[in-house]
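Below are some notes for a colleague who wants to go through this model point by point. Please read them with the coordinates open.

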Amino acid sequence: MPESHHPHSAAAHSVARFLPFLSWLPKWRPSSLKRDVAAALTITALQIPEAMAYAELAGVPPQAAFYAGPVALVLYALLGTSRQLVVAISATVAVLSASTVAALAPSGTPRFIALTAALAMLAGLISILAGVLKLGRIAQFFSESVLTGFVFGLALVIAIKQVPKLLGLEAGSGNFFERLWNLVTHLGQTHPLTLVVGVASLAVLVLLGKLLPRLPASLVVLVLGTVVVGVLGLQGRGVKVVGDIPSGLSGPSIPDVGLGDLLKLMPGAFGIALVAFAEAIGPARVLASKHRYEVDPNQELIGLGAANLGAGLFRGLSVGCSLSKSAANDAAGARTQMSSLLAAAILALVALFFTPLFRTLPEATLAAIVVLATAGMMDVKEMRRLFKLRRTDFFLAAGALLSVLVLEVLPGLLVSVGLSVALLVWRASQPRVSELGRAPGTLDFADVRRDPAPLTVPGLLMIRPNEGIFFANATSLRDAIIGRVDSATSPVHAVLLDLEVTADLDVPGADMLAALKESLEHREITLMLSRVLGPTQRMLDRTGVTEHIGAKNIHPQTLNGVVEYLSHRTHHAKAEWSLVRDGLHRLNALVEEAIPAAEEDGDRRRLEALRQKLARIDDGSSSRE
């Protein structure tokens with residue numbers, strides 16, 4: 001009977017891969033409603049003030065946050081594979097959006113808003129396409145060290161754009177240093193009441209965070225700021241407020257932008273898709289590990305892409321992952337995305353009926369919320385750790401940080417990606433090889449740098465590349481091998497190359513092996529290969545390298561190559577005899593083990609042949625003695 005259910009089960013599993021909510025929604029029970037509502041209220045309490053602040057950061061009206069929020073939460077909840085991750089407007093994505101669109105339209109204008117929505121849709125489509133093409137591993141090529149520096153620099157850029165709002169000053173323009181200089185030179189024009197509101201908002205945020213960490217401090221400060229300014233009429237005394245926020249939700253509509261605009265938005269859309277995924281996949285994996293389930297990186301790309309596509313379609317802005325909201329969601333007891341679905345409903349109710357309450361919300365309070373949130377993005381501790389552990393990683397992080405400060409956000413992102421790619425190429429091109437020797441008392445071959453040190457075979461240089469051979473490292477690997485041969489303290493008669501880790505040889509790699517054979521032949525040195533995998537062997541055959549090196553010089557195991565080398569030696573050193581006699585002892589045992597166990601006698605025959613060859617070497621030695 002169970003067998004009859006297998007096709008149905010496999011089909012259901014296949015559908016659930018593309019529609020992840022089918023794996024948790026049927027199992028959801030009303031008994032979980034209480035904790036899911038608590039988690040949803042927590043998400044909403046954190047979402048409203050930060051989303052409004054980040055919307056202004058992106059250069060669009062606060063209501064855009066209400067347009068984007070519900071649909072993004074719903075689409076990710078249905079199509080994402082993390083059960084606790086919360087999708088929301090993030091500071092990083094908001095600044096990337098603003099810097100991309102600012103080159104095409106003035107901030108806050110209808111055209112700017114339309115381009116922002118189009119950018120979100122474009123980033124969503126790119127992310128979905130990447131997921132369909134199974135490019136989920138792409139975030140692995142974005143160095144964590146470089147990302148640390150990029151986010152640190154981005155936090156400084158965000159902060160320098162918000163500080164003028166805390167002081168009641170007009171914001172400057174240009175890069176971080178130009179804005180900083182403008183701020184310093186205009187400090188004398190600070191608006192006292194705005195400064196009081198901004199500093200008070202910051203102080204309450206910090207105090208609540210320390211004294212009552214479970215309280216949604218941002219929402220409390222937002223309500224207090226709105227009430228105080230409204231009651232005291234501070235907006236009439238020069239304190240800038242958000243003003244009227246239209247009630248309701250936007251219907252779906254395609255942004256009115258041209259093909260030329262889309263092409264200009266493309267670099268920023270790629271940047272948003274990459275950064276949103278890089279920010280999300282780490283926390284998603286941490287939460288999945290904690291609760292013992294798996295996340296699918298490719299489906300995460302689709303889920304994030306759908307969230308962005310929906311946010312843009314409903315006249316919102318690009319979204320990403322919120323680490324703070326995800327952590328709060330998890331702490332509140334959420335075990336499925338039901339909490340996000342409920343949060344979307346609550347957020348929609350606020351948008352429909354309660355936005356007039358935010359009319360006297362001071363911009364200085366929103367700025368304070370952003371500044372404190374970005375302070376957590378400035379990871380000084382991690383920068384110090386990189387400096388102590390590996391200066392190369394620190395300088396890469398510092399380079400990414402400076403590129404954002406000097407070049408602005410989008411060019412800084414391109415520099416950061418370039419640094420990651422350059423680091424990847426540089427590391428891939430470095431020849432990482434191990435010289436092998438026989439581990440004492442065994443017939444195993446290991447790196448001579450181990451302790452106790454394996455014993456080398458005089459005249460035989462055994463090398464194992466520790467990474468697959470391909471075009472980027474082929475030439476440097478050949479040079480490293482020739483360098484070891486030329487610098488050897490005693491004559492080298494043969495080089496044995498262990499190719500176990502080369503799973504798929506390319507043409508430049510095969511050509512390098514042919515060239516290596518030529519270089520060694522000029523030095524009267526034999527090249528042998530061992531542990532050649534099937535795909536690599538086929539490439540050697542197709543390129544003619546097998547014939548060039550000689551099939552007799554390609555061995556299934558490193559030991560076979562060593563024995564072959566020893567069998568052609570007329571005089572043997574003490575270390576060689578040690579290996580021969582240890583080999584005979586060990587092979588005798590292996591042959592005896594293989595005889596009763598093997599269904600086919602192929603393994604036994606190979607071991608027996610190896611034993612006989614070692615025995616002939618030993619007999620030759622005895623007769624000469």
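**Notes on the model**

1. Arg391 lies over the face of Phe387, 3.8 Å from the ring centre; a charge is taken to sit over a ring if NZ of Lys or CZ of Arg is within 6 Å of the ring centre and within 35 degrees of the ring normal. Phe387 also belongs to one aromatic cluster together with Phe394 and Phe395. Arg83 is likewise placed over the face of Tyr293, at 4.3 Å from the ring centre.

2. On provenance, this is a predicted model, in which local features need pLDDT of at least 70 and side-chain atom pairs count only at pLDDT 80 or more, while totals for chains, interfaces and linings use all residues. Residues are numbered from 1 along each chain as its sequence is written, and side-chain values use heavy atoms, with hydrogens and water left out.

3. The structure holds 5 aromatic pairs, where rings of Phe, Tyr and Trp (its six-membered ring) pair if their centres lie within 6.5 Å, and planes under 30 degrees apart count as stacked, over 60 as edge-to-face and the rest as tilted. Phe176 and Phe177 are edge-to-face, because their ring centres are 5.3 Å apart and their planes stand at 85°. Phe470 and Phe471 also form an edge-to-face pair, with 5.3 Å centre to centre and 85° between the planes.

4. How accessible are Phe470 and Phe471? Phe470 is partly exposed, at a relative accessible area of 26%, whereas Phe471 is exposed at 57%; buried means under 20% relative accessible area, exposed over 50%, and partly exposed in between (1.4 Å probe, protein chains only). In the other pair, Phe176 is buried at 12%, and Phe177 is partly exposed at 39%.

5. Lys325 lies in helix H13, residues 323–331, where helices (H or I, at least four residues) and strands (E, at least two) are DSSP runs numbered from the N terminus. Lys325 counts as buried because its relative accessible area is 1%. Its side chain makes a polar contact with the side chain of Glu50 at 2.8 Å, the term covering a pair of N or O atoms within 3.5 Å, of which, within protein, one must be able to donate a hydrogen and the other to accept it, and residues adjacent in sequence count only if both atoms are side-chain atoms. Leaving aside neighbours within four places in sequence, Lys325 is in contact (heavy atoms within 4.5 Å) with Ile43, Leu46, Gln47, Glu50, Val86 and Ala88.

6. In helix H21 (residues 534–542), the buried residues are Thr536, Gln537, Met539 and Leu540. They lie on the same side of H21 because they cover an arc of only 160° around the axis, taken from the directions from the helix axis to the C-beta atoms. Arg538 and Arg542 are exposed on the other side of H21.

7. An open sheet of 6 strands runs in the order S4-S3-S5-S6-S7-S8 with mixed pairing, two strands being paired if DSSP finds at least two bridges between them. The edge strands are S4 (445–447) and S8, each of which pairs on one side only. Strand S5 (residues 460–465) pairs with strand S6 (residues 494–498) in the parallel sense over 4 bridges.

8. Two backbone angles deserve a look. Arg315, although not a glycine, has a positive phi of about 65° and lies in the loop between helix H12 (297–313) and strand S2 (320–321). Glu524, also not a glycine, has a positive phi of about 60°.
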